[in-house]
Amino acid sequence: MKMTNRCNARSECLEAQIAVFFAVGLTILITLVGLGVDVGRALSVKTEQGNELETISEACMSQANSVKFAQNPGEEARGQVVELLTEGAYTGRAVVWYAEAPASETGRKDRYGGTLVTLNEETPTTLLGVAGVDSLKPASSRCWVTHAYSSAAVWRPPTDGAGWVEVTLENGRVTSRRSASAPFEAAPDELKQAVRSAM
């Protein structure tokens, strides 16, 4: 009788251990599948962001003269990017920086300005929700520099309009906007380095 009770207890203990291992294994499996599905979706969004940024940078470079002769080049450059995101029905958050190297660095014969665009989108997860990850936030950025011109003397606008704008868009409609002026030295390192390396 004691032997039977001991066997039943061992059997129940073994079944409990198997159930725990099964539950842990199933959670790990779902998490791995979720990584494949949800991360794959986030990478697809990142690729789309890269394509969007390529299109925007090409369009802005072709419109460089409108920035070159603008009374406020920073406002003009940021406005172009936001307009292109609107036309492309973009959904997500965009931060657009514009900065010009100060005349003390370029001399009076040159103007160098740069634009940095960062796109962020929130992609909801499906299977990773089991592991407590409700969303992934792929982000991409692109920077380009324009050498406005080089001549005997460069016209400089009253303000270069350096600073940033952050917009949130829903299918191309701006739902929130905030902006601030900022000197060249306050620009992100990526933008400052791009402008200086072009000089």
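Student: Okay. What kind of model is this?

Tutor: This is a predicted model: local features need pLDDT of at least 70, side-chain atom pairs count only at pLDDT 80 or more, and totals for chains, interfaces and linings use all residues. Residues are numbered from 1 along each chain as its sequence is written, and side-chain values use heavy atoms, with hydrogens and water left out.

Student: What is the mean pLDDT of the protein chain?

Tutor: The mean is 84, and 81% of the residues reach 70 or more. pLDDT is the predictor's confidence in each residue, from 0 to 100.

Student: Which elements have the lowest and highest mean pLDDT?

Tutor: Helix H1 (residues 2-62) has the lowest, at 74, and strand E6 has the highest, at 97. Helices (H or I, at least four residues) and strands (E, at least two) are DSSP runs, numbered from the N terminus. Where pLDDT is low, the predicted coordinates should not be read in detail.

Student: Let's look at E6 then. How many of its residues are buried?

Tutor: Six of the eight, so E6 is largely enclosed by the rest of the structure. Buried means under 20% relative accessible area, exposed means over 50%, and partly exposed is in between (1.4 Å probe, protein chains only).

Student: Which strands does E6 pair with?

Tutor: E6 pairs with E1 in the antiparallel sense, over seven bridges. Eight bridges join E6 to E7, and these two also run antiparallel. Two strands pair if DSSP finds at least two bridges between them.

Student: What about the hairpin of E6 and E7? How many residues are between the strands?

Tutor: Two residues. Asn171 takes a positive phi near 50° in that hairpin.

Student: New topic. How many residues are in the largest nonpolar core?

Tutor: It has 17 residues. Those with the most contacts inside it are Ile56, Val81, Leu85, Val117 and Leu119. A nonpolar core is a set of buried Ala, Val, Leu, Ile, Met, Phe, Trp, Tyr and Cys residues joined through side-chain atoms within 4.5 Å.

Student: Which elements supply this core?

Tutor: H1, helix H3 (73-87), E1, strand E2 (110-120) and E6 each supply at least two of its residues.

Student: And what does Ile56 touch?

Tutor: Ile56 touches Val81, Leu84, Leu85 and Trp144, not counting residues up to four places away in sequence. Contact means heavy atoms within 4.5 Å. Another core, of twelve residues, lies apart from the largest one. Val95, Tyr112, Ala182 and Ala187 are among its members.

Student: Now charges. How many salt bridges does the structure hold?

Tutor: Eight. A salt bridge is a side-chain nitrogen of Lys or Arg within 4 Å of a carboxyl oxygen of Asp or Glu.

Student: Which residue does Glu166 bridge to?

Tutor: Arg93, with the closest N and O atoms 3.2 Å apart. Glu166 lies in E6 (residues 163-170) and Arg93 in E1 (residues 92-100), so the pair ties together parts that are 73 residues apart in sequence.

Student: Buried or exposed, that Glu166?

Tutor: Glu166 counts as buried, at 16% relative accessibility. Arg93 is partly exposed, at 32%.

Student: What about Arg196? Which partners does it have?

Tutor: One is Glu105, with the closest N and O atoms 2.8 Å apart. Glu105 lies in helix H4 (residues 103-106) and Arg196 in helix H5, so this pair ties together parts that are 91 residues apart in sequence. Arg196 also forms a salt bridge with Glu185, at 2.5 Å between the closest N and O atoms. Salt bridges that share partners join Glu105, Glu185, Asp189, Lys192 and Arg196 into one network.

Student: Last one. Which residues of H5 are buried?

Tutor: In H5 (residues 189-198), they are Leu191, Lys192 and Val195. They cover an arc of only 95° around the axis, which puts them on the same side of H5. The arc is that of the directions from the helix axis to the C-beta atoms.

Student: And which ones are exposed on the other side?

Tutor: Asp189, Gln193 and Ser197 are exposed there.
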